Amino acid sequence: MTTQRTEISELGEFGLIDQVTRDMVLHHDETILGIGDDAAIISNDGDATLVSTDLLLEGIHFDLMYHPLKHLGYKAVIVNLSDILAMNAIPKQITVSIAVSNRFSVESIEEIYKGIKLACDTYQVDLVGGDTTASPKGLVISITAIGTQKLEKIVKRSGAKPGDYIYVSGDLGAAYLGLQLLEREKKIYMEHPQLQPQLNENKYLIERILKPEARKDIIRLLAHANVLPTAMIDLSDGLSSDLMHICKQSGTGALLEEDKVPINPEAEQMAIEFHLDPITCALNGGEDYELLFCISPEDRDKIKNLPSFYYIGEMTTADKGIQLRTVHGNLHELKAQGWKHF
Ligand code: ADP
Ligand code: MG
């Protein structure tokens with residue numbers, strides 16, 4: 001008998017998750033939603049608990065050459081809170097698991113926890129547990145976030161309809177360009193250790209990649225305006241890729257307006273410096289941790305004057321696919337080019 005060997009790269013991240021979890025069944029009625037969204041939904045009499053986990057690996061998700069440990073602890077919490085907020089829920093607790101090698105001192109782990117504490121205090125979440133173990137080499141941080149919301153207020157990826165308006169909560173592509181900049185400066189430093197990195201002029205880009213924030217303010221603004229988005233996701237992989245998840249799960253297409261996609265001037269300038277198209281960076285750069293959401297046309301007036309609500313296009317029927325209308329009026333079909341680790 002020959003055993004089959006399939007390379008992970010043939011399936012990709014999402015194909016792999018689908019394949020290994022396809023035989024799983026849900027045993028409890030309380031499990032309202034399992035795999036497939038930003039967080040799982042567990043119901044307890046109308047109130048729901050949301051759960052989401054993320055794993056960060058040294059060398060894959062962060063590089064300690066330029067990622068200060070305190071910022072790393074902060075960011076590790078933020079990326080998890082962002083997934084709970086993307087369900088229109090409020091994060092309340094986290095657990096933190098770490099694997100560390102003897103390369104790290106107690107003081108350096110304390111630095112990570114200073115960042116974790118800052119995020120917990122800023123976002124009002126409680127650290128309630130975790131696990132600690134040895135690692136042969138690199139640093140691994142895994143965080144689980146737990147949140148709550150009333151069942152009827154939870155927003156999934158699957159509720160968007162053709163004609164819904166698409167919004168994003170902030171400018172895009174800056175984190176990706178911040179990362180390109182750090183990588184460039186790292187390379188220069190490795191070749192010429194006497195040269196100090198020049199990062200002062202690009203504080204915004206550096207902050208976007210090293211110290212992102214989760215958009216809890218947007219969830220509050222939506223609640224005050226009494227608006228429930230029809231679908232929502234947080235932008236971790238990039239606009240194209242994450243919008244594709246909403247479209248796939250809602251059974252829709254989408255039309256984005258190039259001239260409406262917000263890009264920070266610093267990001268635009270850096271893209272040009274790297275000979276990249278700014279809109280390509282905004283569409284495909286990851287890790288912005290902004291919220292992408294769809295709103296039914298009748299709710300448009302309620303959010304008209306809210307800060308940080310950028311209209312970027314409209315949902316369409318599935319047969320149209322995902323298109324970008326360029327500033328010149330041409331239509332281009334978008335392909336997801338999100339982060340690919342495999
Ligand atoms: P996000 O980018 O929002 O963190 P992911 O793309 O990591 O979400 O994951 C997509 C979905 O697949 C989520 O519902 C997540 O819980 C689930 N998932 C990811 N990896 C696994 C795994 N190894 N086993 C089971 N479910 C997984
Ligand atoms: Mg997410």
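Which charged end sits over the ring of Tyr165? That of Arg300 does, 4.2 Å from the ring centre; a charge sits over a ring if NZ of Lys or CZ of Arg is within 6 Å of the ring centre and within 35 degrees of the ring normal. Lys211 has its charged end over the ring of Tyr74, 4.2 Å from the centre.

Before we go on, a word on the numbers. This is a predicted model, in which local features need pLDDT of at least 70 and side-chain atom pairs count only at pLDDT 80 or more, while totals for chains, interfaces and linings use all residues. Residues are numbered from 1 along each chain as its sequence is written, chains are lettered from A and ligands numbered from 1 in the order in which they are written, and side-chain values use heavy atoms, with hydrogens and water left out.

**The aromatic cluster**

Tyr165 also has ring partners. The whole structure holds five aromatic pairs, where rings of Phe, Tyr and Trp (its six-membered ring) pair if their centres lie within 6.5 Å, and planes under 30 degrees apart count as stacked, over 60 as edge-to-face and the rest as tilted. Two of the pairs involve Tyr311, as the table shows.

| Pair | Centre distance | Plane angle | Type |
|---|---|---|---|
| Tyr165 and Tyr311 | 5.7 Å | 70 degrees | edge-to-face |
| Tyr167 and Tyr311 | 5.9 Å | 75 degrees | edge-to-face |

Tyr165 in strand β7 (residues 165–168) and Tyr311 in strand β11 (residues 310–317) are 146 residues apart; Tyr167, also in β7, is 144 residues from Tyr311. Helices (H or I, at least four residues) and strands (E, at least two) are DSSP runs, numbered from the N terminus. Ring pairs join Tyr165, Tyr167, Phe293, Phe309 and Tyr311 into a cluster. Tyr165 is buried at 15% relative accessibility, Tyr311 at 19% and Tyr167 at 5%. Here buried means under 20% relative accessible area, exposed over 50%, and partly exposed in between (1.4 Å probe, protein chains only).

**The sheet**

Strands β7 and β11 belong to an open, mixed sheet of seven strands, ordered β8-β10-β7-β11-β9-β12-β13. Two strands pair if DSSP finds at least two bridges between them. At the edges, β8 (231–234) and β13 (331–333) each pair on one side only. Neighbouring strands are turned by 25 degrees against each other on average, direction ignored. Axes are lines fitted to C-alpha atoms, for helices over the stretch in contact, and angles run from 0 to 180 degrees between N-to-C directions.

Strand β12 (residues 322–325) pairs with β13 in the antiparallel sense over three bridges, and Arg325 stands opposite Leu331 in β13. Helix α2 (residues 69–85) lies across β8 and β10 (291–295), at about 175 degrees to β8.

Asp83 in α2 and Asp234 in β8 are 151 residues apart. Asp83 is buried at 8% relative accessibility, and Asp234 is buried at 1%.

How values were computed
Contact means heavy atoms within 4.5 Å.
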